[in-house]
Amino acid sequence: MGTIINILLFLLILGTLVTVHEFGHFICAKKSGVHIYEFSIGMGKAIKTFKGKDGIDYSIRMLPIGGYVQMAGEVYEDDDTKKIPKEKFLCNRPWYQRLIILCAGVFNNFLLAVILLFTIACIWGAPTLKPVVYEVEEGAPAAEAGIQSGDTILKINNKKVTTLDRMQLLLLLKDKDNTYEIQVKHENGEKETVEVTPNKVEIDGQKVNRFGISTKATIRKGVGNAFKYSFQKLVSVMDQMLITVGNLFTGKISLNQLSGPVGIYSVVGESRKSGIQNVIYLAAYLSINLGIMNILPIPALDGGHVLFLFIEMITRKKVNEKVEAVATNIFFALLMLLMIYISIHDIIKLF
């Protein structure tokens with residue numbers, strides 16, 4: 001029974017995130033006068049389709065993961081120029097409208113995340129994000145280096161630390177000699193830079209750093225704190241994502257540390273056991289991740305279309321249709337291969 005609930009919850013979360021994303025494209029395209037053929041929730045064979053008064057087909061499809069908005073002239077003019085006025089093709093709309101439509105899905109994901117985080121903070125309180133050391137384990141590398149309980153972490157390897165999220169991520173990144181330079185501010189106001197060489201421990205088959213530091217967020221109540229937290233956490237998670245993507249290219253983070261649908265399913269199950277608060281937070285976290293991934297300037301993603309739009313604005317002519325199509329297909333294939341690789345690794349970790 002637990003497995004069935006986890007599957008349904010997994011599908012509900014991903015289905016909601018994608019639907020919210022696609023609705024952003026849909027509503028902005030509709031308001032901009034772009035002709036829309038279909039708005040679909042789900043992928044695969046249509047279970048139910050009805051035509052709205054606006055002439056748009058609204059569909060519910062068999063696979064509850066994904067969804068799409070089919071617009072006229074998404075890249076170049078379609079074959080329906082006799083039926084649909086040219087100004088209703090997306091490719092013929094002013095550049096600023098096209099940019100808004102392309103980015104609307106990402107905006108919706110960020111907005112959903114803020115709403116979910118605000119909800120969490122209103123009900124359970126808003127955790128502080130200040131990178132303060134709560135406890136240092138006696139005899140651990142951090143203690144031997146001179147880090148104390150109550151210290152505020154200011155920098156790690158010359159990178160500024162602004163939140164607990166950033167602190168935890170920077171401590172996970174590989175360092176060439178496994179020695180981390182950490183600048184702290186003691187409770188008396190004195191600043192000190194120390195070198196810490198963490199111990200290596202194995203967790204779920206992965207070797208990770210162990211510094212012997214624990215943190216604890218202070219919970220604050222009130223709508224004002226909830227509002228502030230929701231935006232701070234949004235920016236913090238976005239920062240985490242961008243650091244992660246950047247360090248994938250430098251090798252400081254390996255592909256094996258990423259998770260695909262299988263890994264997300266496992267996390268959904270763990271979150272459900274921990275309570276509704278963690279499930280809501282996971283949905284917010286995934287919504288931000290979906291937004292960041294989609295806005296990356298990679299062909300086949302929203303950010304890729306934005307990239308081609310910027311090239312068009314600079315050169316004052318459209319990118320060659322064949323070049324755009326080939327680039328999109330190549331990167332789509334690479335993304336699918338990456339997803340397959342990550343999923344296989346997730347399955348191996350399960351067993």
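Aromatic pairs in this predicted model come to nine under the rule that rings of Phe, Tyr and Trp (its six-membered ring) pair if their centres lie within 6.5 Å. Planes under 30 degrees apart count as stacked, over 60 as edge-to-face and the rest as tilted. Local features need pLDDT of at least 70 and side-chain atom pairs pLDDT 80 or more, while totals for chains, interfaces and linings use all residues. Residues are numbered from 1 along each chain as its sequence is written, and side-chain values use heavy atoms, without hydrogens and water.

**Aromatic pairs**

- Phe-26 and Phe-39 make a tilted pair, with 4.9 Å between centres and 40° between planes.
- This pair joins distant parts of the chain, 13 residues apart: Phe-26 lies in helix 1 (residues 2–31) and Phe-39 in strand 1 (residues 36–51).
- Phe-26 and Phe-39 are both buried (under 20% relative accessible area; exposed is over 50%, partly exposed in between; 1.4 Å probe, protein chains only).
- Tyr-180 and Phe-211 are edge-to-face, because their ring centres are 5.2 Å apart and their planes stand at 80°.
- Tyr-180, in strand 7 (residues 180–185), is 31 residues from Phe-211, in the loop between strand 10 (206–210) and strand 11 (213–215).
- Tyr-180 and Phe-211 are both buried.

**Aromatic cluster**

- One cluster is formed by Phe-23, Phe-26, Phe-39, Phe-50 and Tyr-58.

**Helix 8**

- Helices (H or I, at least four residues) and strands (E, at least two) are DSSP runs, numbered from the N terminus.
- The 14 residues of helix 8 (residues 302–315) reach 20 Å from first C-alpha to last, close to the expected 20 Å (1.5 Å times one less than the number of residues).
- Buried residues in helix 8 include Val-306, Phe-308, Leu-309 and Glu-312.
- Arg-316 follows helix 8 and has a positive phi, near 60°.
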